[in-house]
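Please have a look at the structure on the screen.

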Amino acid sequence: MRLDFFIANATELSRKESKRAIGQGRVQLEGECCRQPATKVRSTANVSLDGQALSLAGERYLMLNKPPGVISATADSQQPTVLDLLPPEERHGLHIVGRLDKDTTGLLLLTTDGQWSHRITAPRSNCGKTYRATLAEPLSDRDIQELEAGVMLKDEPEPTLPATVRTVGEMTIELTLSEGRYHQVKRMLAAVGNRVISLHRIRIGDIALDGSLSPGEYRELTADEVASVQ
Ligand code: URA
């Protein structure tokens, strides 16, 4: 589609205002200023206006650096939720893509796009989730092999799917999972006789937690990040 059409669809600007904004050099396409309203762009192109990433169809995609002590819910009468971290005008229609425990920190995705979030959370999705875990005890080579091959979790009939473990320090690992069972990381470590002291999600598929976000801060995903979820 034409760039001016993209802008008019993704913002509240009219087609005429979109053309003017493009002419004024306020629009970037794939990181470069573009002044030609007729330029052809894909619907998933990386387009920004005044430095703000845009996406079509009004769908919204955010990443949040979840702090400890807030729950992964959109509303709760007792406890603070991750949505309480956003200004009220940002909250409308958002849902959480893959919950984190109250004490777990790090990458949480929020979107209005149900099909997109399903591609991340569906049981057969190939979208790896990477957690950095600090443990109570060092892991043996045998523990690592078991975690990678699949372990039996308490009260579950099937072993966990193959995972990868990267050793980061004596008591710190990065564990990448391709499924998302209840308290999965903590239960996997319990299955090999260990205990998770702290847990931080650093990546979902190709989307890495932005290191410039302090706990509790959020930002829009870039068009490339949105398009990376197939
Ligand atoms: N696994 C857990 O045990 N907790 C989380 O919050 C996420 C994955």
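A polar side-chain atom of Asp101 is 2.7 Å from a nitrogen atom of the ligand; a polar contact here is a pair of N or O atoms within 3.5 Å, and within protein one must be able to donate a hydrogen and the other to accept it, with residues adjacent in sequence counted only if both atoms are side-chain atoms. This is a predicted model, where local features need pLDDT of at least 70, side-chain atom pairs count only at pLDDT 80 or more, and totals for chains, interfaces and linings use all residues. Residues are numbered from 1 along each chain as its sequence is written, and side-chain values use heavy atoms, with hydrogens and water left out.

Thr104 places a polar side-chain atom 2.9 Å from an oxygen atom of the ligand. For His183, a polar backbone atom lies 3.2 Å from an oxygen atom of the ligand. Of the 240 Å² of accessible area that the ligand has on its own, the protein covers 96% (Shrake-Rupley method, 1.4 Å probe).

Which residues surround the ligand? They are Leu100, Asp101, Thr104, Tyr131, His183, Gln184, Val185, Lys186 and Leu199, each with a heavy atom within 4 Å of the ligand. By class, that shell has four nonpolar, three polar and two charged residues. Helix α6, residues 184-191, gives the most to the shell, with three residues.

Now the loop residue. Arg60 lies between β4 (52-54) and β5 (61-66). A polar atom of the Arg60 side chain is 2.3 Å from the backbone oxygen of Glu90. Beyond neighbours within four places in sequence, the contacts of Arg60 (heavy atoms within 4.5 Å) include Glu90, His92 and Leu110.

Definitions and conventions: Helix = DSSP H or I, 4+ residues; strand = E, 2+ residues; numbered from the N terminus. Nonpolar A, V, L, I, M, F, W, Y, C, P; charged D, E, K, R; others polar.
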